[in-house]
Amino acid sequence: MQRNIVKSLRLLSLRAHQVPRFFTNVATVQMSRRVFLRRDKVEIVPVRSMFIQTQETPNPDSLKFLPGRDVLGAGNTMDFPTMNTASGSPLAKLLFRVEGVKSVFFGGDFITISKAEDAEWGILKAELFAVIMDFFASGLPILTGATPNSDTQINEDDDETVMMIKELLDTRIRPTVQEDGGDIIFMGYKDGIVQLKMQGSCSSCPSSIVTLKNGVQNMLQFYIPEVVAVEQVTEPSDEVAEKVFDSLEKNLKVKEVKEK
């Protein structure tokens with residue numbers, strides 16, 4: 001057992017010299033027979049020839065996990081704002097079982113996890129790493145019956161303005177937002193107002209409104225003069241889910257206080 005651990009650490013040491021210079025302060029920790037590399041902003045976890053990286057997002061309560069392989073495939077996304085919406089994904093259901101996980105979002109090659117405000121990444125990461133690694137090792141499908149979001153569909157009855165908006169979203173805006181662990185979905189256009197829905201790390205990000213106004217709105221107005229403004233919309237189910245989660249979180253805190 002000790003020889004295997006020593007051998008693994010030597011291999012990790014060799015690999016550490018092959019990564020870019022900005023990967024510094026490497027520490028190795030053995031947990032549940034898994035070796036974790038911890039860094040300031042990026043963590044790489046090698047298990048069964050699989051490396052999982054974590055990447056910060058503009059939202060401090062959302063973290064992007066990159067397993068080093070396809071999740072939904074290029075350009076595809078899927079949002080699971082609550083546990084009730086995760087019925088079509090075995091992986092999402094497992095991630096929601098980790099205490100402190102608030103929402104789950106799948107991208108082409110990444111998984112974005114959003115946590116409750118009082119949860120700590122230092123505690124959550126180890127369990128989330130284990131869930132992701134074990135799931136990919138199982139060979140189970142990520143989605144069962146659920147259909148991910150792909151390119152924004154252009155309908156026959158779309159006018160020229162709507163088609164241009166959808167084209168810009170897919171080619172210039174959505175790829176950038178997905179780099180930050182989220183997505184923007186076209187919801188409608190009326191009287192010069194573009195309605196968009198934020199998903200993933202963007203849905204609860206404090207700077208999401210700034211992103212919409214200073215980034216998305218400015219770009220759409222530059223190419224499409226007909227666009228007057230951009231508005232963020234939410235569905236009634238999202239608001240209900242948010243209230244349910246907040247209520248559950250308060251009940252758990254009360255329970256913890258009573259147990260102490």
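Predicted model: local features only at pLDDT ≥ 70, side-chain atom pairs only at ≥ 80, totals over all residues.
Residues are numbered from 1 along each chain as its sequence is written, and side-chain values use heavy atoms, without hydrogens or water. Local features need pLDDT of at least 70 and side-chain atom pairs count only at pLDDT 80 or more, while totals for chains, interfaces and linings use all residues.

The largest nonpolar core has 32 residues. A nonpolar core is a set of buried Ala, Val, Leu, Ile, Met, Phe, Trp, Tyr and Cys residues joined through side-chain atoms within 4.5 Å. Buried means under 20% relative accessible area, exposed over 50%, and partly exposed in between (1.4 Å probe, protein chains only). Leu95, Val104, Phe106 and Ile111 have the most contacts inside this core. Among the elements that give it two or more residues are strand S5 (62-66), strand S8 (111-115) and helix H3 (121-138). Helices (H or I, at least four residues) and strands (E, at least two) are DSSP runs, numbered from the N terminus. H3 provides the largest share of the core, nine residues. Another core lies apart from it and has 18 residues, among them Leu169, Ile173, Met198 and Val216.

Phenylalanine 65 is found in strand S5. Its relative accessible area is 0%, so phenylalanine 65 is buried. Phenylalanine 65 and isoleucine 111 are 46 residues apart in sequence, yet 5.0 Å apart in space, C-alpha to C-alpha. Beyond its neighbours within four places in sequence, phenylalanine 65 is in contact (heavy atoms within 4.5 Å) with residues including Ile52, Phe110, Leu128 and Ile132.

Aspartate 183 is found in strand S9 (residues 182-190). At 0% relative accessibility, aspartate 183 counts as buried. Its side chain makes a polar contact with the side chain of arginine 174 (2.7 Å). A polar contact is a pair of N or O atoms within 3.5 Å; within protein, one must be able to donate a hydrogen and the other to accept it, and residues adjacent in sequence count only if both atoms are side-chain atoms.

Rings of Phe, Tyr and Trp (its six-membered ring) pair if their centres lie within 6.5 Å; planes under 30 degrees apart count as stacked, over 60 as edge-to-face and the rest as tilted. By this rule there are five aromatic pairs. The rings of phenylalanine 135 and phenylalanine 136 have centres 6.2 Å apart and planes at 85°, so this pair is edge-to-face. Both phenylalanine 135 and phenylalanine 136 are buried.
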